[in-house]
Amino acid sequence: WNNVVPLKHPYRDETVYIHISDKFVDPYQGRIYADIFSVDYSEPIDLHFFKEYISVGFDTYFSNPELLKAKDIKLFNYLEGKING
């Protein structure tokens, strides 16, 4: 939770909270879908809160595969396997 920061939503007039990581191809990939005012900060962030992780990675797989490969080879390989069998 130490790397969670507010970010202006890219398309709406609202603030969202994101986890900052060098692994992400775009800051929005680290968006957290949770009520950050009521979560238990003594626990790790539940992976289910990262709903943009796959979607942003999927978009990047097609728009800039080399970036995805460089930033997150595991996600690249996962998508490669799902898409190409």
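# Briefing: salt bridges, pocket and surface patch

Glu14 is partly exposed, with a relative accessible area of 29% (buried is under 20%, exposed over 50%, and partly exposed in between, with a 1.4 Å probe and protein chains only). Its side chain meets that of Arg12 in a salt bridge. This is a predicted model, in which local features need pLDDT of at least 70 and side-chain atom pairs pLDDT 80 or more, while totals for chains, interfaces and linings use all residues. Residues are numbered from 1 along each chain as its sequence is written, and side-chain values use heavy atoms, without hydrogens or water.

**Overall layout**

- The chain has three helices and two strands (DSSP runs numbered from the N terminus: H or I of at least four residues for helices, E of at least two for strands).
- Read from the N terminus, the order of these elements is β-β-α-α-α.
- Along the principal axes, the C-alpha atoms fill a box of roughly 40 × 30 × 20 Å.
- The chain has 85 residues, and 32% of them count as buried.

**Salt bridges**

- Two salt bridges are present in the structure (a side-chain nitrogen of Lys or Arg within 4 Å of a carboxyl oxygen of Asp or Glu).
- In the pair of Arg12 and Glu14, the N to O distance is 3.0 Å.
- Arg12 is partly exposed, at a relative accessible area of 48%, and Glu14 is partly exposed too, at 29%.
- The other pair is Glu66 and Lys69, whose closest N and O atoms are 3.6 Å apart.
- Glu66 and Lys69 both belong to helix 2 (residues 65-71), and because they are three residues apart there, about one helical turn separates them.
- Lys69 has a relative accessibility of 33% and counts as partly exposed.

**Largest pocket**

- The largest pocket has a volume of about 210 Å³ (the space filled by probe spheres set on grid points that are joined across faces, edges and corners).
- A pocket is an open set of points on a 1 Å grid over the protein atoms alone, where a 1.4 Å probe fits, with protein on both sides within 12 Å along at least five of seven lines; lining residues have an atom within 4 Å of a point.
- The lining of the largest pocket consists of His19, Ser21, Lys23, Phe24, Ile45, Leu47, Phe50, Tyr53 and Ile54.
- By class, this lining holds six nonpolar residues, two polar ones and one charged one (Ala, Val, Leu, Ile, Met, Phe, Trp, Tyr, Cys and Pro are nonpolar, Asp, Glu, Lys and Arg charged, the others, with Gly, polar).
- Ile54 is one of the lining residues and is also part of the nonpolar surface patch.

**Nonpolar surface patch**

- A nonpolar patch on the surface is formed by Ile54, Phe58, Phe62, Tyr78 and Ile83, with about 490 Å² of accessible area together (Shrake-Rupley method, 1.4 Å probe).
- The elements that contribute two or more residues to the patch are helix 1 (52-63) and helix 3 (73-84).
- Helix 1 gives the most, with three residues.
- Patch residues have over 30% relative accessible area and no salt bridge; nonpolar side chains (Val, Leu, Ile, Met, Phe, Trp, Tyr) are joined within 5 Å, like charges within 9 Å.
- Tyr78 lies in helix 3 and is partly exposed, with a relative accessible area of 46%.
- Between Tyr78 and Ile54 there are 10.0 Å in space, C-alpha to C-alpha, and the two are 24 residues apart in sequence.
- Ile83 is likewise found in helix 3, and its relative accessibility of 34% makes it partly exposed.

**Further positions and distances**

- Thr15 is placed in strand 2 (residues 15-19) and counts as partly exposed at 48% relative accessibility.
- From Thr15 to Val5 the C-alpha distance is 9.9 Å, and they are 10 residues apart in sequence.
- Pro44 sits in the loop between strand 2 and helix 1 and is exposed, with a relative accessible area of 69%.
- The C-alpha atoms of Pro44 and Trp1 are separated by 7.2 Å, although the two residues are 43 residues apart along the chain.
- Pro65 is part of helix 2 and counts as partly exposed, at 31% relative accessibility.
- Pro65 and His19 are 46 residues apart along the chain, and 22 Å separates their C-alpha atoms.
- His19 is also among the residues that line the largest pocket.
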